[in-house]
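Dear colleague,

I am passing on the structure we talked about, and you will find it directly below. My notes on what was found in it follow after that.

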Amino acid sequence: MKAKIRILDVYTGRFTVVINENDAKKVKLHPEDLVKIESGKKTVYGDVVISNMVEEGEIGLSKDILQVHSFSQGEIVNIAPAGTPESIRYIKKKMHGEKLRKVEIESIIKDIVDRKLREIEISAFVTALEINGLDMDEIAALTVAMAETGDMLDIDRKPIMDVHSIGGVPGNKTNILVVPIVAAAGLTIPKTSSRAITSAAGTADVVEVLTNVSLSLDEIKRIVEKIGACLVWGGALNLAPADDITIKAERALSIDPRGLMLASIMSKKYAMGSQYILIDIPTGKGVKVETMEEARSLARDFIELGKRLGQYVEVAITYGGQPVGHTVGPALEAKEALQTLMTGKGPGSLVEKATGLAGILLEMGGVAPAGMGKKMAKEILESGKAYQKMREIIEEQGGNPDIKPEEIPIGDKTYTFTAPTSGYVTFIDNKAITGIARAAGAPEDKGAGLELYVKVGEKVKEGDPLFTIYAESEARLDQAIIYARRTEPIRIEGMVLQRIGNI
Ligand SMILES: O=P(O)(O)OC[C@H]1O[C@H](OP(=O)(O)O)[C@H](O)[C@@H]1O
Ligand SMILES: O=c1cc[nH]c(=O)[nH]1
């Protein structure tokens, strides 16, 4: 059926196509059906919504489509029901635990990128991966398919370094320090980050507090050729476009299936043309990887996957048993990262992890002798060179390089929990910390989150402050307080752990 395009002033997070009730009857279309829009050689798929807000012979398009395809107001196109995507069959194969062939994986990824699969099918795919997993052949095929269905960056400034954390640990603002340290040493590091998947703030969410993270590939190329680094959101780019779509499903379920995580990370690194990649695997209770054995196995898979993609990968297994630094939540983490860069000093866990990872990259990039990387990284941080480079990154990406930590707005609704007894902090529950920060509104509310005053091993007296929750609304603050009361995020024990009476 022929129809006239009408661009609607609405974003739905999907390619929504609004069709008039009578037209829908004519072409046998129902709500949520997949519809095919043909305009010249271009075929675009969308989700049907039926409404008489559009006239007969008109179709309304949500603005999401315009981010990927150019349609003009009043353009005449042809619409027809789209059949069931062939990739549905392959998703069901994975549900039944069967191995997928390369072409079947490519079909799934292409249908995801072409928006032929809706959220319901994508969630089913992600769930099937969580339950049945992927072997190395499938992961390699998935990685290349994810990268090659999007744009690839071609940076001349070589060698190209990269760093990526599998995430999972609250407060992991580490790479916001690693990137400027490594770039200040003259190396090239075009860092892309995703938004939060299981945590309360992904690196892209945190950096967005300081500067713009949604840039085009051309802008990124210009910036990286000029200053050697960037800190951008992968999802804003047509870079492994399937990644941000599957991450939305992961975030809803708060899962990060192992095979998909490997492919998600390495596809972005492959698309950026990165040659030397350091992967951070936070390991410990309450994060994605709980044991050293699991961490080593995952490390081997990252290295093997890198080999298949022609990339040199090293892996740092890092302590993930409690939050990194003292703050959790986009604005609070941005404040802490900026403070640490400006003064060259900050929480031990943050500085140690950042200089440790940066040190490895300096050695991988050949600018520091073996074993001297961490020392060199510390000097770059303490000398203020890393802060200067961060100012360049902030400015080149469109932010204000003079931004001060105290100017960063944080939630003004606060509540502080204090120690119920004296004793020692024996455990900080990562999942509870993340849950509290998310209940408070993070990452959507940038100013939401929490600030820790204690870490494991520290002595506290009854009544000492343990942590403060920040929220941007009373309602959110109340939710976070209730969540904190239910979960006991910080455990304090005296030396007498339990008295067993003669009961
Ligand atoms: O912690 P969760 O939300 O599960 O994982 C997502 C985070 O992990 C990675 O961190 P980085 O960009 O390497 O710093 C991703 O980019 C993202 O920021
Ligand atoms: O970028 C990332 C980080 C963790 N897990 C993913 O799937 N992607």
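Before the list of surrounding residues, one definition is needed: a residue is counted as near a molecule if one of its heavy atoms lies within 4 Å of it. Please also keep in mind that this is a predicted model.

With that cut-off, the residues that surround ligand 2 are His-164, Ser-165, Ile-166, Ser-194, Ile-197, Glu-250, Asp-256, Met-261, Ser-264, Ile-265, Lys-268 and Lys-288. Sorted by class, this shell has four nonpolar, four polar and four charged residues.

His-164 places a polar side-chain atom 2.8 Å from an oxygen atom of ligand 2, while Asp-256 has a polar side-chain atom 2.7 Å from a nitrogen atom of the ligand. An N or O atom in the side chain of Ser-264 likewise lies 2.7 Å from a nitrogen atom of ligand 2. Taken alone, ligand 2 exposes 240 Å², and the protein buries 97% of that area.

The space that ligand 2 takes is the largest cavity. Strand E7 (161-165) and helix H10 (258-271) are the elements that give two or more residues to the shell around it, and the largest share, four residues, comes from H10.

Turning to another part of the chain, UniProt lists residues 424-491, in an unreviewed entry, as "domain: Pyrimidine nucleoside phosphorylase C-terminal". In the model this span is 35% helix and 29% strand, and its end C-alpha atoms lie 8 Å apart.

With best wishes

Technical notes
Residues are numbered from 1 along each chain as its sequence is written. Chains are lettered from A and ligands numbered from 1 in the order in which they are written. This is a predicted model: local features need pLDDT of at least 70, side-chain atom pairs count only at pLDDT 80 or more; totals for chains, interfaces and linings use all residues. Side-chain values use heavy atoms; hydrogens and water are left out. A polar contact is a pair of N or O atoms within 3.5 Å; within protein, one must be able to donate a hydrogen and the other to accept it, and residues adjacent in sequence count only if both atoms are side-chain atoms. Accessible areas come from the Shrake-Rupley method with a 1.4 Å probe; for residues, only the protein chains shown count as cover. On a 1 Å grid over the protein atoms alone, a cavity is a set of points where a 1.4 Å probe fits but cannot get out, and a pocket is an open set with protein on both sides within 12 Å along at least five of seven lines; lining residues have an atom within 4 Å of a point. A molecule sits in a cavity or pocket if more than half of its atoms lie within 2 Å of its grid points. Ala, Val, Leu, Ile, Met, Phe, Trp, Tyr, Cys and Pro count as nonpolar, Asp, Glu, Lys and Arg as charged, and the others, Gly among them, as polar. UniProt positions are given in the numbering used here, feature names are shortened, and annotations may be inferred rather than shown by experiment.
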